[in-house]
Amino acid sequence: MKRKPELLALILIILLIIMMIAGICLGSVRITASDIVRAIFSPQSIGKNTAYIIRNLRIPRIISAILTGAALALCGVVFQSVFRNPMADSYVLGVSSGASFFVGLGFVLGISFADVSLPVVAFAGAMLTTVLLFAISRKNTASLLLSGIALNFFLSAMTTLTIYLSNRQADNILFWTLGSLGNSSWVRVLIMLSVLAVATVIVGKNCSAMDLLLMDDSTAISSGVNIKATRIILLAVASILTATVVCFCGIIGFVGLMSPHFVRIIVGPKHRRLLPLSMLMGSVILLFSDIVCRFIVAPSELPIGIITSVLGAPVFLTLLRRKRHV
Amino acid sequence: MSENAISIRNLTGGYEDNTIIRQLSLKLSKGGLTAIAGPNGAGKSTLLKYLIKKLRCPDGTALLFDNDVNSLKQKELAKLISFQGQYAPKSDEFTVRELVELGRFAYGDSMANSDAVDEALKLTGIEHLADKYITRISGGEFQLAMLARTICQNAGILALDEPVNNLDPRHQIMLLDLLSRLSAQGKTVICVLHDLNAIMRSCNCCILMKDGKVFAYGKTRDVLTESNIREVYGVDVQIIEKDAKAVILFN
């Protein structure tokens, strides 16, 4: 199969635009495409409520979906490269669970969460899990992955325990474990955007190094990669980004795992192509999932984590069966 | 600058609880194709790992072109020595060209220098494989692609760990001739080889290692003698000279 990165980019961008429009239009209040244009350029010409819904609910939400999807995919790319294993992502390794467990623990201990402290707690959880992961298994990347999976089981169980223990906050905690874009706002979009931008620049600069991390250590080192420093930087960035996503949207599975896989099949393992296209793919997948979860039980909505996993698992299994080298 | 490409002073080391190399000293002058031979576990691969800083030695123990390896950044080191190991994975679907491009890492992130890549592909005779996936080529072709990667790193020293392992006789000779041509152009080529006859045929110099030490080092014909081979490997051999060539027969 010949590689067609440009074609894939084009298709993904078209899909993204279509879904952005669909994402704004669909919902409990029907909105037409011309409403969107008017809401952006002359909000006075349409009803106050419609303008508010478009400008402060729907648009932040779809941008949130785009940023979160890209962030999850970026984390997936990083984890898969650093652990030299295509099954790795922040969800599988327990980094997400670490963040959500800490949030749950906070709720149980009765810490009240302002918008500021919640990210800090989620962040601490994600970072601690990453550090713990390294402490448990410093020998090789295979044991690191298995330790991560074990850690994930443990932390998920602990999160469930926090749900069980906290009667009144149970719904709040459950929200973290299932994921939702329902709380999107412009403030959150801006925070997410800045973290993602910094992460993208740092990881983007390390694209060639990540290519070499896929080889054996000796090859990477002798080619000029400081593998220890590179791994630490990449993991720190991915953990911070994971923490940011989890504290705003809870745990959203499979997107980080799936997006790089899809893209790798079409454009190969070179990170200079893999990274941007995976992020684009992540945005499309998450945007689509968000539309589905709002549409399926409208006017109510399903947690998006359920949709990504329900859609993701069968697609992923099909991919695994088709491809020999995974 | 002195004439030494590689200089090692009294190196002792190995892995956590397993000392492999014992008080090894070695000076290798610039240029030439030098083989490292010796039984399994003699410390051949370990020695190379110290040169690329995969393993850390004390300051001042290992010098490349008079630079202490410990004082060099990884990228600077990569411009002095390139390395080809035994265990490169071929699980990812890089094309041959993409694999070879990896050798340009030390020269900047753009990897724009496609001339160096083209030339390395040409030298190794695998231009026709450039767009093939490394998962779909033979073990020998992969070995050549890895060599092209090592060459396009354009370092003064090429260190290779068993580069001819998967190759048929024709490719084996082709590869060793190529290494010998590179050394004639001023590169210092040092490679671990097990085939003593291949060493006899292609390498000017040979380092014979035993128990983490240099047992003998010098011109290949002086090092690979019946008595040295007997003592190092514990096998009985006979060296037959014919038409100015020497062949080692294992009895």
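Which strands make up the open sheet with antiparallel pairing in chain B, and in what order do they come? Hello everyone, let me start there. There are four of them, and the order is β2-β1-β4-β5. Before I go further, please keep in mind that this is a predicted model.

Staying with that sheet for a moment, its edges are β2 (18-29) and β5 (67-68) of chain B, each of which pairs on one side only. Further in, strand β1 (residues 4-15) of chain B is joined to strand β4 (residues 62-64) of chain B by three bridges, and these two run antiparallel. If you want a residue pair to look for, I8(B) stands opposite A62(B) in β4(B). There is a helix on this sheet too: α1 (residues 44-51) of chain B packs there and touches β1, β2 and β4 of chain B. The direction of α1(B) makes about 115 degrees with that of β1(B).

Now to the other sheet I want to show you. This one is also open, with six strands in the order β6-β7-β8-β3-β9-β10 of chain B, and its pairing is mixed. At the edges sit β6 (81-84) and β10 of chain B, each pairing on one side only. From one strand to the next, the twist averages 15 degrees.

What is the sense of the pairing between β3 and β8 of chain B, parallel or antiparallel? Strand β3 (residues 33-37) and strand β8 (residues 188-192) of chain B pair in the parallel sense, over four bridges. Here A35(B) has C191(B) in β8(B) as its bridge partner.

Helix α5 (residues 139-152) of chain B touches β6 and β7 (157-161) of chain B, and its direction makes about 170 degrees with that of β6(B). Helix α6 (residues 169-184) of chain B touches β3, β7 and β8 of chain B, with a direction at about 150 degrees to that of β8(B).

At the β10 end of the order, have a look at the hairpin. Strand β9 (residues 205-210) and strand β10 (residues 213-219) of chain B run antiparallel and are joined by six bridges. M209(B), for example, has V214(B) in β10(B) as its bridge partner. Two residues lie between β9(B) and β10(B), and D211(B) in the turn has a positive phi of about 50 degrees.

Stepping back, chain B has nine helices and twelve strands. Its radius of gyration is 18 Å, close to the 18 Å that the globule rule gives for 251 residues, so chain B is as compact as a globular protein of that length. Along the principal axes, the C-alpha atoms of chain B fill a box of roughly 50 × 45 × 35 Å.

On to chain A. How many helices and how many strands does chain A have? The count comes to 14 helices and zero strands. The radius of gyration of chain A is 20 Å, close to the 20 Å from the globule rule for 326 residues, so chain A is as compact as a globular protein of that length. The C-alpha trace of chain A spans about 65 × 55 × 35 Å along its principal axes.

Let me pick out helix α11 (residues 227-249) of chain A and two of its partners. With helix α8 (residues 186-205) of chain A, the packing angle is about 165 degrees and the axes are 10 Å apart. That angle is why α8(A) counts as roughly antiparallel to α11(A). Their crossing is left-handed. Residues that meet here include M192(A), L196(A) and A199(A) from α8(A), and I233(A), V237(A) and L241(A) from α11(A). By class, this contact has twelve nonpolar residues, one polar and one charged.

Last, where the chains meet. The contact takes 20 residues from chain A and 28 from chain B. On the chain A side, the elements giving two or more residues are α9 (207-213) and α10 (217-222). α10(A) gives the most, with five residues. By class, that side has six nonpolar, nine polar and five charged residues.

Conventions: Residues are numbered from 1 along each chain as its sequence is written. Chains are lettered from A and ligands numbered from 1 in the order in which they are written. This is a predicted model: local features need pLDDT of at least 70, side-chain atom pairs count only at pLDDT 80 or more; totals for chains, interfaces and linings use all residues. Two residues are in contact if their C-beta atoms, placed from the backbone, lie within 7 Å. Ala, Val, Leu, Ile, Met, Phe, Trp, Tyr, Cys and Pro count as nonpolar, Asp, Glu, Lys and Arg as charged, and the others, Gly among them, as polar. Axes are lines fitted to C-alpha atoms, for helices over the stretch in contact, and angles run from 0 to 180 degrees between N-to-C directions. Angles under 35 degrees count as roughly parallel, over 145 as roughly antiparallel, 65 to 115 as roughly perpendicular and the rest as oblique. A crossing is left-handed if the near helix is turned anticlockwise from the far one by less than a right angle, and right-handed if clockwise. Two strands pair if DSSP finds at least two bridges between them. The radius of gyration is taken over C-alpha atoms; the globule rule is 2.2 Å times the number of residues to the power 0.38.
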